[in-house]
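Please work through the exercises below with the structure at hand, trying each task before reading its solution.

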Amino acid sequence: MKIYTFLSLLIGSLMWANINLPAIFTDNMVLQRNSEVVIWGNAIPKEEITLKADFLDKEYKVVTGNDAIFKIIIPVGKAGGPYTISLKGYNEVSLKNVMSGEVWLVSGQSNMEMSAAWGIKDGDAEVAKAHHPNIRFFSVPKLSSVFLQNNLFGEWQTCTPETMKNFSAIGYFFAEKLQQELNDVPVGIISAAWGGSPAELWTPGYVFKEKPQLFENYKNLSASDYYPSQLSGAYNAMIYPINSFKIKGVLWYQGETNTGNPDGYSVLLSSMISAWRNDRGYNFPFYLIQIAPYTGWGDTTVRIKNVQRIVSEEVPNSGLVITSDLDVVDDIHPKNKKPVGIRMANLILKNIYHSHNNLVESPRFKSVDFKGNKTILHFDYAEGLHFKNKESQLFEIAGTDGKFSKAKATIKGTDIILESKTVRHPALVRYAWRNTAIPDLFNRADLPASSFTTENEK
């Protein structure tokens, strides 16, 4: 009995002595190039940990704290690999086939989660050719918690037809385009998405204490069988555990579940972005994908789209991809995902990587002048401005009474002039202001303008 007890204690001691790394550190992972990254884990208190890697010119040593946590900061240089990283204390852990490249986190609802296995357009053909050993995937499992979590489950996988088929389609097409344009730089995509999830689940808890009205809005959300109702639950269990893992930026595709309160979404979304950046400690790019038209809701969808437009323009280091022209309006899960990933990649390639100067932005409403019975709209990114069907049916103007009437639109360079016989003194203007409106205003790059309104948004 004594021998058994001794052996049990010995085995327990040896198990506790093992270096334990969070799940985000596995074979096949990608580390953000040209940056300092943190490698962290658990070991016995006061245990000395030595880190070696074949891309480093020296060893890095650290002593585990009394809390049994160690952190080692190492420099990662230019793109390359495969590398091996080893950590040695009382035991040794090796990470193999590690790459240095670009790491992006993609998050949101089901349209970000949606994979080729869901039935995307040309999915079988795209799956068959998805042989990209230097594109790596990490799928964060759907987890929710009342409390902040230190770890999760998962492992990095290389891109093969089998792994691509069940990974975020937008994340894959984004990575594929990045790699093509960045001379085969390794790309790692971390997907943390949950179909149907409202933004309240992804926002840190302290935001709701700082802004009580957001908590009041949250209490009006309906329960669902498809996602948890815990405030901040997804953030606590799916985002917080990897906050110390260095990323280049975030892509966000979410908003459908928040159509019940589009006015509140503006403060919620901008606050969430600020909190994510605050918790990571740096102002990383945060780019939005605008939700698509859908027949299932009232005008709240277009109001959410307008909020996304405004937030993308007001929040620094952000941008917006428009999707309203790409698919049918009676499918809450539009299947044409490849152009979404490519449009986002093109925008990132220009704004973040400065790899070209092409026109990759949608026409963006800038300002309006009211002169007599004429309304003059000014746009940015409006080279080659044109109507898809020679004339537009989507512009409306109103006087101070707020009663909108259809307006005749004429393009003049990068401006649009609106007139209506029924509105003699225009004071308001809006474009594509219907839930199912398909944009008809495009620029030279055949990118559509977002719906917008000059009405005051509360």
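**Exercise 1.** Determine whether aspartate 263 is buried, partly exposed or exposed, and find the residue with which aspartate 263 forms a salt bridge.

*Solution.* In this predicted model, the relative accessible area of aspartate 263 is 30%. Buried means under 20% and exposed means over 50%, so aspartate 263, at 30%, is partly exposed. The next step is to look for its partner, which is arginine 303, and the closest N and O atoms of the two residues are 2.7 Å apart.

**Exercise 2.** Describe the salt bridge between arginine 309 and glutamate 313, stating how the two residues are placed in their helix and how accessible each of them is.

*Solution.* Begin with the distance, which is 3.7 Å from N to O where the two side chains meet. Then consider the spacing: because arginine 309 and glutamate 313 are four residues apart in helix α10, about one helical turn separates them. As a general point, an α-helix has 3.6 residues a turn, so residues three or four places apart point the same way. Last, compare the accessibilities: arginine 309 counts as buried at 7%, whereas glutamate 313 counts as partly exposed at 32%.

**Exercise 3.** Find how many salt bridges the structure holds, and look at the bridge formed by aspartate 331 and at the network that includes Lys52.

*Solution.* The structure holds 18 salt bridges. Aspartate 331 forms a salt bridge with lysine 335, with 2.6 Å between the closest N and O atoms, and lysine 335 counts as partly exposed at 34% relative accessibility. Elsewhere, a network of salt bridges links Lys52, Glu59 and Lys61.

**Exercise 4.** Compare the span of helix α9 with the expected span, then follow the chain past the end of this helix.

*Solution.* Helix α9 covers residues 262–280, and its 19 residues reach 27 Å from the first C-alpha to the last, which is close to the 27 Å expected at 1.5 Å a residue. The buried residues of α9 include Tyr265, Leu268, Leu269, Met272 and Trp276. After the helix comes glycine 281, which has a positive phi, near 85°. Tyrosine 282 then lies in the loop between α9 and β12 (286–289), and at 22% relative accessibility tyrosine 282 counts as partly exposed. Not counting residues up to four places away in sequence, tyrosine 282 touches Phe245, Lys246, Ile247 and Arg277; between tyrosine 282 and lysine 246, which are 36 residues apart in sequence, the C-alpha to C-alpha distance is 10.0 Å.

**Exercise 5.** Identify the residues with the most contacts inside the largest nonpolar core, and the strand that gives this core its largest share.

*Solution.* The largest nonpolar core has 112 residues, and those with the most contacts inside it are Leu87, Leu178, Ile190, Trp202, Phe245, Trp252 and Trp276. Strand β7 (residues 92–108) supplies the largest share of this core, with eight residues. Another core, of 21 residues, lies apart from it, and has Ile397, Val429, Ala432 and Phe452 among its members.

**Exercise 6.** Give the order of the strands in the sheet that contains β14, and find which strands stand at its edges.

*Solution.* Four strands, in the order β14-β15-β20-β19, form an open sheet with antiparallel pairing. The edge strands, each pairing on one side only, are β14 (364–371) and β19 (408–412). From one strand to the next, the twist averages 25°. Strand β15 (residues 374–380) is joined to strand β20 (residues 415–419) by four bridges, and isoleucine 376 stands opposite isoleucine 417 in β20.

Key: Residues are numbered from 1 along each chain as its sequence is written. This is a predicted model: local features need pLDDT of at least 70, side-chain atom pairs count only at pLDDT 80 or more; totals for chains, interfaces and linings use all residues. Side-chain values use heavy atoms; hydrogens and water are left out. Two strands pair if DSSP finds at least two bridges between them. Axes are lines fitted to C-alpha atoms, for helices over the stretch in contact, and angles run from 0 to 180 degrees between N-to-C directions. A nonpolar core is a set of buried Ala, Val, Leu, Ile, Met, Phe, Trp, Tyr and Cys residues joined through side-chain atoms within 4.5 Å. Buried means under 20% relative accessible area, exposed over 50%, partly exposed in between (1.4 Å probe, protein chains only). The expected span of a helix is 1.5 Å times one less than its number of residues. A salt bridge is a side-chain nitrogen of Lys or Arg within 4 Å of a carboxyl oxygen of Asp or Glu. Contact means heavy atoms within 4.5 Å.
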